[in-house]
Amino acid sequence: MNEDDRAGEFGPIYLPALQRIRDLWLELEPIVDATSYDDVVAPTELQVSLSDGLGEAESARFDIQWSELRMYSFHYVDSDDVNWRFDRHPNTHSPEIHFHPPPEAATTAAEASCIDVTEVSLVTRAVHAMWRAAYEDDAVDQLNSASNPP
C-alpha cells in the first residue's frame, strides 16, 4: 500500500501487534517460510514469506502494518505479481475497512471488506482464513466472500 491510498491519520506502527501477528502466522500456517521486519531498529512492516502462492505462483509474501490507532494493511503479493489486500484506514475511495481485489489491488477498485472485526488476533485469523480458503480451492474470488470471518 502506498501513502497516497490513505486520507487521514493512520498512526504510528504498533510493534506488539506486529509481534502477535507474526506469532499467529507461525502457529496457523505450515507453509510460512520466514518472517522478518523491514527495519530491525524501527520496524514499520512485518513480512511473512510463504513457500507457495495462489494459483501457479511459486511463492508469496504478506506485507503487514498495524498502527496504534488499530489501522492496518495486510498486502499479499506473489511470484506471479498478483496483489490484493485487506485494509483499515481513512480514505476517500471506500469504507474505512475495505478490500482491494486481485490482480492489482488498485486503489480505485476497493470494496467493502467482509472482515468486520477489529481486534488484532481476530483480523489476523480472518485474513489467514480467507487466504487459506482461496489457496485450498484455487479460487481468488473467495478472498472477500465470507460472512464476518474468522
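# Chatting through a predicted fold

Visitor: Which side chain does the side chain of Asn144 make a polar contact with?

Guide: The partner is the side chain of Glu111, at 3.1 Å. A polar contact here is a pair of N or O atoms within 3.5 Å; within protein, one must be able to donate a hydrogen and the other to accept it, and residues adjacent in sequence count only if both atoms are side-chain atoms. Bear in mind that this is a predicted model: local features need pLDDT of at least 70, side-chain atom pairs count only at pLDDT 80 or more, and totals for chains, interfaces and linings use all residues. Residues are numbered from 1 along each chain as its sequence is written, and side-chain values use heavy atoms, with hydrogens and water left out.

Visitor: And which backbone oxygen lies 2.9 Å from a polar atom of that Asn144 side chain?

Guide: That of Ala112.

Visitor: Is Asn144 buried or exposed?

Guide: Asn144 counts as buried because its relative accessible area is 16%. Buried means under 20%, exposed over 50%, and partly exposed in between, with a 1.4 Å probe and protein chains only.

Visitor: What does Asn144 touch?

Guide: Leaving aside residues up to four places away in sequence, Asn144 touches Phe86, Phe99, Glu111, Ala112, Ser113, Cys114 and Met130. Contact means heavy atoms within 4.5 Å.

Visitor: Where is Asn144 in the chain?

Guide: In the segment after helix 2 (120-137). Helices (H or I, at least four residues) and strands (E, at least two) are DSSP runs, numbered from the N terminus.

Visitor: OK, strands. What stands opposite Phe99?

Guide: Glu111 in strand 7 does. Strand 6 and strand 7 (residues 111-112) run antiparallel and are joined by two bridges. Strand 6 also pairs with strand 5 (residues 83-88), in the antiparallel sense over four bridges, and there Arg88 stands opposite Ile97. Two strands pair if DSSP finds at least two bridges between them.

Visitor: Which residues are buried on each side of strand 6?

Guide: Ile97 and Phe99 on one side, His98 and His100 on the other, so both faces of strand 6 (residues 97-100) are covered.

Visitor: Switching to helix 2. How many residues does helix 2 have, and how far does helix 2 reach?

Guide: Helix 2 has 18 residues and reaches 26 Å from first C-alpha to last, close to the 26 Å expected at 1.5 Å a residue. That expected span is 1.5 Å times one less than the number of residues.

Visitor: What caps the N-terminal end?

Guide: Glu119, with a side-chain oxygen 3.0 Å from the backbone nitrogen of Ser121. After the helix comes Asp138, whose phi is positive, near 50°.

Visitor: What covers the buried residues of helix 2?

Guide: The cover includes helix 1, strand 2 (46-50), strand 3 (60-66), strand 4 (72-78) and strand 5. Among the buried residues of the helix are Val120, Met130 and Trp131.

Visitor: Zooming out, what order do the elements of the chain run in?

Guide: From the N terminus on, α-β-β-β-β-β-β-β-α, which comes to two helices and seven strands.

Visitor: What's the radius of gyration of the chain?

Guide: The chain has 14 Å, which agrees with the value near 15 Å that a compact globule of 150 residues would have. The radius is taken over C-alpha atoms, and the globule rule is 2.2 Å times the number of residues to the power 0.38. Of the 150 residues, 47% count as buried.
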